Amino acid sequence: MRVVTVRYAGEERWGVLDPEGGFRLAPRPPEAPATVLDHLDEGVPLRPGDDWESVPLEDATLLAPIPVPRRNVICMGLNYADHAEESMRAKGREVVLPEHPVVFTKATTSVTGPDSEIVLEPDVTEQMDWEVELALVMGRGGRHIAAADALQHVFGYTIINDLSARDLQFRHKQFFLGKSLDSACPMGPWITTVDEVEDPQALDIRCRVNGEMKQEANTSLMIFGIARTIEILSGILRLQPGDIIATGTPAGVGFARTPPQYLRPGDRVECEIAGLGVLRNYFI
Ligand code: MG
């Protein structure tokens with residue numbers, strides 16, 4: 001199923017894409033959980049019933065599937081060898097692949113939905129860059145989750161554009177500020193549940209800017225795969241239902257290009273992962 005959060009008739013509702021067309025929205029509480037996060041907390045299978053409301057596509061607007069995460073989006077840095085290499089080369093450093101995952105987070109307030117307009121603030125950054133990423137949404141949490149069991153803890157997969165203000169990222173030495181601007185975490189267009197993703201480590205992943213291909217890779221090329229990532233993270237901190245983990249971006253980002261390229265007003269960015277949809281945003 002494709003799990004959505006939408007704005008419909010002035011209200012925020014959640015539900016699923018109807019394979020026949022349109023949305024099927026969960027009834028309001030107490031008949032159903034109020035949000036996707038509340039559904040994940042219940043830990044019960046997702047079963048849209050007869051009391052779910054059918055709504056035509058054009059009557060509702062897609063929001064990020066989890067519009068306000070409970071805590072920061074957890075992100076893997078330098079998790080594709082070709083991106084790690086281009087990043088270090090662009091900084092004039094020796095190319096050394098990470099032996100342990102590079103992990104940072106994006107503020108919850110950075111999340112925005114598909115098709116949204118993202119305001120570039122030239123007095124804050126002049127170097128906003130794109131990063132298409134596969135993100136997973138945790139279903140069951142836990143500590144010390146073994147890699148062999150890890151995928152059973154995943155609820156589904158979505159797409160994130162890990163927008164990165166490079167000047168802030170490098171100036172402040174730590175990733176958090178440069179990754180956490182308002183609307184710097186487009187997410188969506190929905191969460192595809194695990195049963196519909198045969199192999200999350202075999203998905204074509206692409207990013208286009210104004211129709212021009214900038215990033216093109218496959219999730220098989222991650223250094224730390226999804227299962228190993230969950231094992232490592234949960235070995236250190238408790239993962240919780242609804243946690244969002246972005247798994248890193250492949251090569252082709254703007255700052256490592258010659259000359260470097262950054263997003264400008266009028267640009268359109270499309271992040272696409274096979275089977276998961278297209279996440280499109282407009283820069284103003
Ligand atoms: Mg990233």
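The side chains of Asp38 and Arg70 form a salt bridge, with N and O 3.4 Å apart. A salt bridge here is a side-chain nitrogen of Lys or Arg within 4 Å of a carboxyl oxygen of Asp or Glu. Asp38 sits in helix 1 (residues 36-42) and Arg70 in the loop between strand 5 (60-63) and strand 6 (73-77), so the contact ties together parts that are 32 residues apart in sequence. Helices (H or I, at least four residues) and strands (E, at least two) are DSSP runs, numbered from the N terminus. Asp38 is partly exposed, at 27% relative accessible area. Buried means under 20% relative accessible area, exposed over 50%, and partly exposed in between (1.4 Å probe, protein chains only).

This is a predicted model: local features need pLDDT of at least 70, side-chain atom pairs count only at pLDDT 80 or more, and totals for chains, interfaces and linings use all residues. Residues are numbered from 1 along each chain as its sequence is written, and side-chain values use heavy atoms, with hydrogens and water left out.

## Salt bridges

The whole structure holds 20 salt bridges. Three of them are tabulated here.

| Pair | N to O distance |
|---|---|
| Asp38 and Arg70 | 3.4 Å |
| Glu216 and Arg206 | 3.3 Å |
| Arg228 and Glu231 | 2.7 Å |

Glu216 belongs to strand 16 (residues 212-218) and Arg206 to strand 15 (residues 204-209), ten residues apart. Glu216 is exposed, with a relative accessible area of 53%. Arg206 is partly exposed, at 22%.

Arg228 and Glu231 share helix 6 (residues 226-234). They are three residues apart, about one turn of the helix. An α-helix has 3.6 residues a turn, so residues three or four places apart point the same way.

## The magnesium site

Which residues coordinate the magnesium ion? The donors are Glu131 (OE), Glu133 (OE) and Asp162 (OD), at 1.9 to 2.1 Å. Donors are N, O and S atoms within 2.8 Å of the metal (3.2 Å for Na, K and Ca); water is not among the atoms, so sites may look incomplete. In sequence the spacing is E-x1-E-x28-D. Glu133 lies in strand 11 (residues 132-138), and Asp162 in the loop between strand 12 (154-161) and strand 13 (164-165), so the pair ties together parts that are 29 residues apart in sequence. Both Glu133 and Asp162 are buried.

Seven of the seven residues of strand 11 are buried, so the strand is largely enclosed by the rest of the structure. In a regular strand the side chains alternate between the two faces of the sheet. Val132, Leu134, Leu136 and Met138 point one way from strand 11. Glu133, Ala135 and Val137 point the other way.

Two strands pair if DSSP finds at least two bridges between them. Strand 11 runs antiparallel to strand 12, joined by seven bridges. Ala135 stands opposite Thr158 in strand 12. Strand 11 also pairs with strand 17 (residues 244-246), antiparallel, over three bridges. There, Leu136 has Ile245 as its bridge partner.

## Helix 2

In helix 2 (residues 81-90), the buried residues include His83, Ala84, Glu86, Ser87 and Met88. Just after helix 2, Gly92 adopts a positive phi of about 70°.
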